[in-house]
Amino acid sequence: MTESLFLIVLNTRPFSESSLLVYALTDKFGRQNYLIKGVRTAKNKGLAALFHPLSVMEVQACHNPKKELQQLREYRKCMPLEQLCFDVRKSAQAMFIGELLYKTIREVEANPALFRFVYESVIALNDAHTNPSDQHLYFAASLCRFLGYAPSCTGYSPGSEYFHIARGEFTSQPDLVPGGFTLETSRMFYQLLNGTSRDSKPLLCPGSLRHLFLQHLVRYYDFHMDKPLNLKSPGVLHQIFST
């Protein structure tokens, strides 16, 4: 059955000599995988470039619930998102957000709240004029709320500032698990959980602390996914935002 829907590209991989596998979040079917034929030829190489991380597409797709791989019949990019393509900082953040979603989302059914959150985050990242180095951190801190393991902020106080990974809350004692949050990264987590990427205050910290925080936050995702995510993009982000 052919369906009209919107999708957000998470990741892509070459398939055979001329085709492309597209892993996407859709508004109607949740996480889906698509095969696009003939876009990696010399004649059509520009078409493959449309499917960059976080590209928002309107498509006609053939959906068979019994198959893991669907097919796109028609597609068009809904908005240019030029900043995600040409600003190296934002393209690296888009890569991270796409990779994080690719590794964590498994639902193959509609989740309107999640799709809206991701869509609005894509627009916010593309349009950001201030605090561009913080956008992916706000996203990563908020995403877990849509995945079923939202951190509790109710216990945060001057005497309870350490975030505990297994308990998902702030406590008075540091978490002793390897890769656990420090006092500094716990405070960053609380600040991020109480803001949004659009109206956020800048995180006044060096790039090394941002990188450490991201390592600790990914450890939180690892715990709830019951396996390491093995993300590659944080290393790229660290090189770009190292100061």
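**Exercise 1.** Which residues form one aromatic cluster?

*Solution.* Before we start, note that this is a predicted model, in which local features need pLDDT of at least 70 and side-chain atom pairs count only at pLDDT 80 or more, while totals for chains, interfaces and linings use all residues. Residues are numbered from 1 along each chain as its sequence is written, and side-chain values use heavy atoms, with hydrogens and water left out.

Step 1: learn the rule. Rings of Phe, Tyr and Trp (its six-membered ring) pair if their centres lie within 6.5 Å; planes under 30 degrees apart are stacked, over 60 edge-to-face, and the rest tilted.

Step 2: apply the rule, which gives 17 aromatic pairs.

Step 3: find the cluster. Its members are Tyr149, Tyr156, Phe163, Phe170, Phe181, Phe189, Tyr190, Phe213, Tyr220 and Tyr221.

**Exercise 2.** Classify the pair of Tyr149 and Tyr221, and say which parts the pair ties together.

*Solution.* Step 1: look at the geometry.

Step 1: locate both residues, using helices (H or I, at least four residues) and strands (E, at least two) as DSSP runs numbered from the N terminus. Tyr149 sits in the loop between helix H5 (135-143) and strand E6 (162-164), and Tyr221 in helix H7 (residues 207-225), so the pair ties together parts that are 72 residues apart in sequence.

Step 2: check burial, where buried means under 20% relative accessible area, exposed over 50% and partly exposed in between (1.4 Å probe, protein chains only). Tyr149 is buried at 10%, and Tyr221 is buried at 0%.

Step 3: Phe181 is in the loop between strand E7 (169-171) and helix H6 (183-193) and Phe213 is in helix H7, so the pair links parts 32 residues apart in sequence.

**Exercise 3.** How many bridges join strand E1 (residues 2-15) to E4?

*Solution.* Step 1: recall that two strands pair if DSSP finds at least two bridges between them.

Step 1: count. E1 and E4 run antiparallel, joined by 7 bridges, and Ser4 stands opposite Gln60 in E4.

Step 2: turn to E5 (residues 69-77), which pairs with E4 in the antiparallel sense over 6 bridges. Met57 has Lys77 in E5 as its bridge partner. E4 and E5 form a hairpin with 6 residues between them.

Step 3: In strand E4 (residues 56-62), 5 of the 7 residues are buried.
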